[in-house]
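Welcome! Take a moment to look over the sequence and the model, and then we will walk through a few of its parts together.

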Amino acid sequence: MKTPTVSIVMPVHNAVATLDDAMRSILEQTWQDFEFIIVDDGSSDDTVVKLERYEKLDSRVRLYRQQKHGMIAALNQGCRRARGGYIARMDADDISLPHRIEKQLEFLEGHPDIGIIGTWVSRMDEKGSITGESCPSPSPRVLKWQHFFGICVIHPTVMMYREILEKLDFYKADAVHVEDRDLWLRASAITEFSNVPEILLKQRVWSKSTSKRLGPEYLDNAIKLGTFFISDFLKDNVSKNSVAGLRGVRLANLSQIRQTAILLERIYHAFVAQNSVSSAEAKEISWDAAKRMARLALQASRFSRVEFLLLLKRALQLNYRLLSPSAILKGLERHRSMNFAGY
């Protein structure tokens with residue numbers, strides 16, 4: 001049996017409503033040299049019946065079944081069975097655009113320093129209507145900065161070298177609900193990330209999406225991971241509250257806000273000192289840091305106008321672009337929405 005170039009791995013559980021769109025979007029890719037590994041995680045609807053039909057119709061489809069053990073177990077089974085030199089992710093409620101695999105493969109082969117590549121996405125609702133976009137930076141250094149705060153590549157868009165997953169011993173079984181963020185943080189020690197600056201996937205964000213279903217639990221696990229990662233980077237224990245503040249969580253008092261602001265500055269100055277960044281990258285990173293500081297200033301305004309102004313000054317020291325009219329208007333609009341929501 002010929003070894004495929006790419007192994008596309010898709011875990012599935014009770015996805016009968018969206019499965020056809022997802023399957024067709026992969027089987028009709030412009031790049032055809034792949035195997036499509038699907039792991040059914042104990043579906044109780046007609047998902048398996050549909051998948052068995054696809055397996056009979058297309059020899060590239062490889063279907064495996066397991067008892068209900070969860071997403072991580074299904075991912076690891078699929079990735080361990082992969083034969084291709086590259087592994088691409090796919091979710092059963094998303095739609096890959098026709099050139100996705102071809103363009104990601106072309107990018108990786110042209111950039112040997114990049115080991116994990118994502119793409120931009122359109123976000124759609126349950127009915128498939130487009131509701132927005134997510135366009136993470138293509139810059140490896142900017143993405144390295146983003147590791148401190150959240151996701152730098154969108155999981156179902158990713159293509160990566162199989163050997164990277166093997167070196168990391170695949171997804172960690174105890175990284176429940178944050179298996180992707182945990183993998184990216186561990187991978188950041190051995191490879192670089194990027195994103196194809198083009199929308200190549202439609203991601204369905206609806207009531208059955210993991211982040212929507214889990215809410216606070218998902219955020220709490222992500223904060224725990226971030227706390228460990230930042231503590232290791234700074235070689236110093238940092239507080240979970242401060243890391244939560246960096247992710248935009250509402251902080252309880254001025255002391256927590258001040259500590260979060262100090263942590264943000266520590267990360268920023270240490271990162272700039274340890275990494276060679278271009279002028280354009282430096283501007284993007286400082287702009288992101290300044291916006292985060294400004295958000296802390298808005299939180300502080302609930303308690304003290306003086307503290308608000310002090311933090312805003314620190315934000316401007318990071319990047320004076322905050323004084324631009326468009327930035328001010330966006331900040332005021334965000335402030336109004338936060339107040340309306342009881343933020």
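## Aromatic rings

Let's begin with the rings: there are 10 aromatic pairs, where rings of Phe, Tyr and Trp (its six-membered ring) pair if their centres lie within 6.5 Å; planes under 30 degrees apart count as stacked, over 60 as edge-to-face and the rest as tilted. F148 and F149 form an edge-to-face pair, with 6.2 Å from centre to centre and 70° between the planes. Ring pairs also link W145, F148, F149, F229, F233, Y268 and F271 into a cluster.

F148 counts as buried because its relative accessibility is 4%, and F149 is buried too, with a relative accessible area of 5%. Here buried means under 20% relative accessible area, exposed over 50%, and partly exposed in between (1.4 Å probe, protein chains only). The charged end of R292 sits over the ring of F149, 3.9 Å from its centre; a charge sits over a ring if NZ of Lys or CZ of Arg is within 6 Å of the ring centre and within 35 degrees of the ring normal.

## About the model

This is a predicted model, in which local features need pLDDT of at least 70 and side-chain atom pairs count only at pLDDT 80 or more, while totals for chains, interfaces and linings use all residues. Residues are numbered from 1 along each chain as its sequence is written, and side-chain values use heavy atoms, leaving out hydrogens and water.

## Helix α11

Helices (H or I, at least four residues) and strands (E, at least two) are DSSP runs, numbered from the N terminus. Helix α11 covers residues 254-274, which is 21 residues, and reaches 30 Å from its first C-alpha to its last, close to the 30 Å expected at 1.5 Å a residue. That expected span is 1.5 Å times one less than the number of residues. At the start of α11, a side-chain oxygen of N253 comes to within 3.1 Å of the backbone nitrogen of S255.

Which residues of α11 are buried? They are L254, I257, T260, A261, L263, L264, I267, Y268, A270 and F271. The buried residues of α11 pack against α5 (140-146), α9 (216-234), α10 (240-246), α12 (279-300) and α13 (305-318).

Strand β6 (residues 114-124) has nine of its 11 residues buried, so the rest of the structure largely encloses it. Two strands pair if DSSP finds at least two bridges between them.

Strand β8 (residues 159-161) runs antiparallel to β6, joined by two bridges, and its M159 stands opposite I117. Strand β7 (residues 130-134) is antiparallel to β6 as well, with four bridges, and S122 is partnered by E133 in β7. β6 and β7 form a hairpin with five residues between them, and G128 in the turn has a positive phi of about 90°.

## Two buried residues

V142 is in helix α5 and counts as buried because its relative accessibility is 2%. Leaving aside neighbours within four places in sequence, V142 is in contact (heavy atoms within 4.5 Å) with S137, E281, E284 and I285.

N319 lies in the loop between α13 and α14 (325-340). Why does N319 count as buried? Because its relative accessibility is 7%. Beyond its neighbours within four places in sequence, N319 is in contact with K283, S286, W287 and A290.

How values were computed. Polar contact = N/O pair within 3.5 Å; in protein donor to acceptor, adjacent residues only side chain to side chain.
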